Amino acid sequence: MVMVFYGSNGKSNPVSMENKVEHQTENQITYDIHLPSDLGMLYKVRLGLQSLENNISQLSLRHFKIQNTSTLDTFSLTINKTLPLSSNGDRWIEFPIQWPLKEALSVVTYHLTVFSRNILNERNLLHVTACICGTRGDTGDRSLLQSLQNVQQEEQNESFLVVMEAVDLGELEKIVLLISSKTDCKLDIKKLHVQEAAKEYPIYVFEVNEEFSVNAKKPKIQREIPGSFVIREEKQKNEMDNNLNKGGGQVKKLTEYTIKVYTGDKRGAGTDANVHIILFGNEDKSEVFQLAHSLEHQNPFERGKVDTFKIKTKNVGSLRSIEIGHDGKGFASGWFLEKVEITDVARNSMHCFKCHRSVDCPSSLCTYCFLFYKSLSCF
């Protein structure tokens, strides 16, 4: 069994309950765990099974109780559920924590509709998860192919519904996809729609429009899909449908960028910290992208290496500057950044941002970001 704890200042790493048993009776197990003090006030827990491949394992949950041993604040909840859930095969459940004098968030059922071309034909070989992220946290990695509903399959297009429950995520911001396969294949995903099951609107639309080349011998493919637009009423939906029927295309087209990050070739140049980037154009700026999945290396930002990342974001106009930095986490987080090259795929233009300096963070509790202005444009 694994738990993830969410606090006002962030979330914990997955905490395995193995070797943490303090006391056990026939119907009750007590665990002793230690969480980082900088999580802040806990507001939700995600609980599930560690093995995602074992279809035999089941976990029956009756009651949950958590107590802060310092303040003696206590929260308890009757669950009465068995994992995986029979309705949708999900191996995770979430519930809010309601501390004394604190208002708890609600549990929401989300409908995630996947529009694709060939997932259904390959689903026995594929493992695809989605993590929906909002202003109040995320769902964690949830399987898209565990139990499909409302399956529609035509000659060229297909769609299916995935149901998941999570503590209210607030305004949805992005979806992180993780894709792997038992054999080499190509996977074409068009877009994702997310809405609350109890509400017809809003509908959050995440345009993907990418064919993924999945290699069984390579690490999982990770893609961060930013929100494209939100449909908030029937009138807007009808206008979109009419626009598409008339050949008007997408309401909001995303721009693809290829980002090459050059780490310096000197002692201690690499970093294990989490690196992020923001693009600034003459019309707008992008959202924050974490550069986690290098196309060349499983461990990015090593000494003397070049790592390539692909992102899609709203049109920011002509690229002017970037903000790039890290969170200072991990061993030897200091990083010597040589330069960053960004190619606007649509415009076929490349921009070079030279740095040639150390990007250091003196404390793991703070985040330092650095703004580099374009020193060279290549066309």
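**Exercise 1.** Determine which residue in S20 is the bridge partner of Tyr204.

*Solution.* In S20, Tyr204 has Val230 as its bridge partner. The structure is a predicted model, in which local features need pLDDT of at least 70, side-chain atom pairs count only at pLDDT 80 or more, and totals for chains, interfaces and linings use all residues. Residues are numbered from 1 along each chain as its sequence is written, and side-chain values use heavy atoms, with hydrogens and water left out.

Next, consider the two strands (DSSP runs of E, at least two residues, numbered from the N terminus). S18 pairs with strand S20 (residues 229–231) in the antiparallel sense over 3 bridges; two strands pair if DSSP finds at least two bridges between them.

**Exercise 2.** State how many bridges join strand S17 to S18, and name the bridge partner of Lys191 in S18.

*Solution.* Strand S17 (residues 185–196) runs antiparallel to S18, and 9 bridges join them. Within S18, Glu207 is the bridge partner of Lys191. The two strands S17 and S18 form a hairpin, with 6 residues between them.

**Exercise 3.** Decide whether strand S18 is mostly covered or mostly uncovered.

*Solution.* Apply the criterion for a buried residue: under 20% relative accessible area, with a 1.4 Å probe and protein chains only. In strand S18 (residues 203–214), 9 of the 12 residues are buried, and the strand is mostly covered. For the whole protein, 44% of the 379 residues count as buried.

**Exercise 4.** Find how many helices and strands the protein has.

*Solution.* Helices are DSSP runs of H or I with at least four residues. The protein has 2 helices and 29 strands.

Notes: Buried < 20%, exposed > 50% of the residue type's maximum accessible area, 1.4 Å probe, protein only.
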